[in-house]
Amino acid sequence: MALLRIESVTRRFGALLAVDGVSESVGAGEYFCMLGPSGCGKSTLLRMIGGFELPDSGRIWLDGRDITYLSPRRREVNLVFQNYALFPHLTVLENVEFGLKMKGVAAAERRRRAGEGLELVNMSSFASRMPPQLSGGQQQRVALARAIVNRPSLLLLDEPLAALDKHLREQMQRELKRLQTDTGIAFIHVTHDQEEALSLADRIGIMQGGRFLQVGSGTDLYEHPVNSFVASFLGDSNLFDAQVSAPNRLSLGGQELAFAGPGLTPGSTHRFLIRPERVVLAAPGRGLQACVRQVRYLGARLEYELELDGLRWLASAPPGPGTCQPGDLVSVSVAPEYLVPVSA
Amino acid sequence: MRLSSNRLLTLGLPMAYLGVFFAIPLAIVLIYSVLTPGDYGGIVWAWSWEGYAGLLSADLAVILLRSLRVAGLATLICMVIGFPAAWFISQLPLRAQTVWMFLLSIPAWMNLLVKNYAWIVLLRREGLVNQVLGVLGVETPPEWLYHEGAVLLGLVHTYLPFMILPLYSALERLDLRLLEAARDLGANGFQVWLRVVLPQCAAGLWAGFLLVCIPAFGAFLTPDLLGGANSTMIGTLIQQQFLMGRNWPLGSAMSVSVMLLVWLALVVFRKAAGKSGEPSLI
């Protein structure tokens, strides 16, 4: 049974429909990411799960119990705030103890559990510091410890890494994943950073306009996006419209290309996706021809910008011998399984 | 260090002002307190401890205690009324906040004498309040004026804005997410207030305390006008030494001792309040 069940939840702010009839479930111990551009409703949905916003309609169930209108303090859910919201007048230890104190846990037990919490995030040596004396990453760890010591069944994280620089962000991503695995708490993590979602989540829900466009594993979403928004939101993509010449063939640049999956009506025009790393370049010869416009060196890979039948495609390949130069003519091939029809 | 003419001006003007209107008068009071009183007021230039000896014979202790009680009560009432008011204003839209703070500051422009006489007009035996009560059928209305209650009313009226202002500026800066975080961690409404809101505006509360308690402690006009003979406060007593008792050294000695007392009390209070690293007025 799902730990959290959301049932047709809707929330309006005046004329704006922030969350539009969302239904979704999150399992116990799952790492779920809500990914979307700012204003897509992901934070509002998170705040409704935490109890800081009430839905206009719909229900939220946690562990089989209806928590839709329950006060935040009565939910077995904790929220890690975007800018951490540590109490500046309390020490790190007192911050971590706060939730236990409110629940009436005895002082000795409280101290022990808070100590364990700090150890879990490697902040034991900072117990007596005040929050303003800590760096952003350190404050983030304290905020995590403060939430986790309450042993919630579900932890909500609102853009937890957005304020950190890239290097620290990657380090904290690994720590978040480790923490989630070690504690077995289900995480719902809101982010607008696709790499973060891909590297952390068991499942990702992509949101736009207050709805989930697609929910699935990172691989699902990346390889088989339902539409061009999902395709372009996750990673780089080449999207193009082409005519279907046979159920599993499309015509492009005077050539016929095969694609896998269920056939489409011949004669119709459809949108297709091909990821840059699936575009294979070879010396000019037979098949689809393209002209190299630009080459960018990115260390681990080279990125080519191609002009192909009036389209602009990206292709990427590991650097090495046989690197093309701008102006070179190349032939392009694509394996059928990587040519994916998507809806516009 | 050479001072540029700009710095001389910015530093020099306030220094000169404070020197003429604060330091010199203070020095005069200090010196007068150790001189001999003249027969018809004023002083005679002869050293004497008579002023300080006089402190023991005057009913100073009783009046000091009363002043402390009245000032303390007035401060407490200002806090109790001022905190919800400041919270209310701080949660309004910015434009409305400005309007409310403006309205709040209007009574502060009015002369203290006018405000106190207004209360007398309202509350005296044949005053407006009693006339209204008479119409409503109240035959024997209570005595509104000339006791400690009336003094408290006047003091709270005068000093309430000075409590609300610093509290408002503290509450207006309060990070509301901290309140959400506290609720998320299981705090109820009172716990949120006690453990998060109150500590966050400790500095504002302290400033309000200083701005209300000290002037209320030294007030002489309000107790004089609204209080009776039995509600004399220390300010009135000192004033009497100069204008009626004609004993300037005694009045000066009282002033000096009260100043020392207030300063000492603040230092002790501040120490007791402990670790807070907020900038302080003392």
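1. A residue counts as buried here if 20 or more other C-beta atoms lie within 10 Å of its own. By that cut-off, buried residues make up 30% of the 282 residues in chain B. In chain A, 37% of the 344 residues are buried. Both figures describe a predicted model.

2. Take secondary structure next. Chain A has eight helices and 20 strands. Chain B has 13 helices and two strands.

3. Overall dimensions, along the principal axes. The C-alpha atoms of chain A fill a box of roughly 80 × 45 × 35 Å. For chain B, the C-alpha box is roughly 75 × 70 × 35 Å.

4. Contact separation. Consider contacts in chain A with a separation of 6 or more: 64% of them are between residues 24 or more positions apart. In chain B, among contacts between residues at least 6 apart in sequence, 70% join residues at least 24 apart.

5. The largest nonpolar core holds 95 residues. Which of its residues touch the most other members? They are A:I49, A:V80, A:A145, A:L154, A:L155, A:L156 and A:I188. Helix α4 of chain A, residues 136–148, supplies the largest share of this core, with six residues. As a general point, nonpolar side chains in soluble globular proteins tend to be buried together.

6. A:L154 is then in contact with A:L3, A:L4, A:L62, A:V77, A:I185, A:A186 and A:I188. One of these partners, A:I188, is also listed with A:L154 among the core residues that touch the most other members.

7. There is a second, separate core. This one has 42 residues. Among them are B:A74, B:W119, B:W206 and B:A219.

8. Now the interface. In it, 15 residues of chain A are in contact with 15 residues of chain B. On the chain A side, β6 (77–80) and α2 (92–102) each supply at least two residues. α2(A) gives the most, with three residues.

9. What is the make-up of the side of chain A that touches chain B, in nonpolar, polar and charged residues? Eight are nonpolar, five are polar and two are charged.

10. β6 of chain A spans 77–80. A:V80 is listed among the residues of the largest core that touch the most other members, and A:V77 is a contact of A:L154. The strand β6 also supplies at least two residues of the side of chain A that touches chain B.

Key
Residues numbered from 1 in each chain as written. Chains lettered and ligands numbered in written order. Contact = placed C-beta atoms within 7 Å. Helix = DSSP H or I, 4+ residues; strand = E, 2+ residues; numbered from the N terminus. Nonpolar A, V, L, I, M, F, W, Y, C, P; charged D, E, K, R; others polar. Core = buried A, V, L, I, M, F, W, Y, C linked by C-beta atoms within 7 Å. Buried ≥ 20, exposed ≤ 12 C-beta atoms within 10 Å, placed from the backbone. Lists of a residue's contacts leave out its neighbours within four places in sequence.
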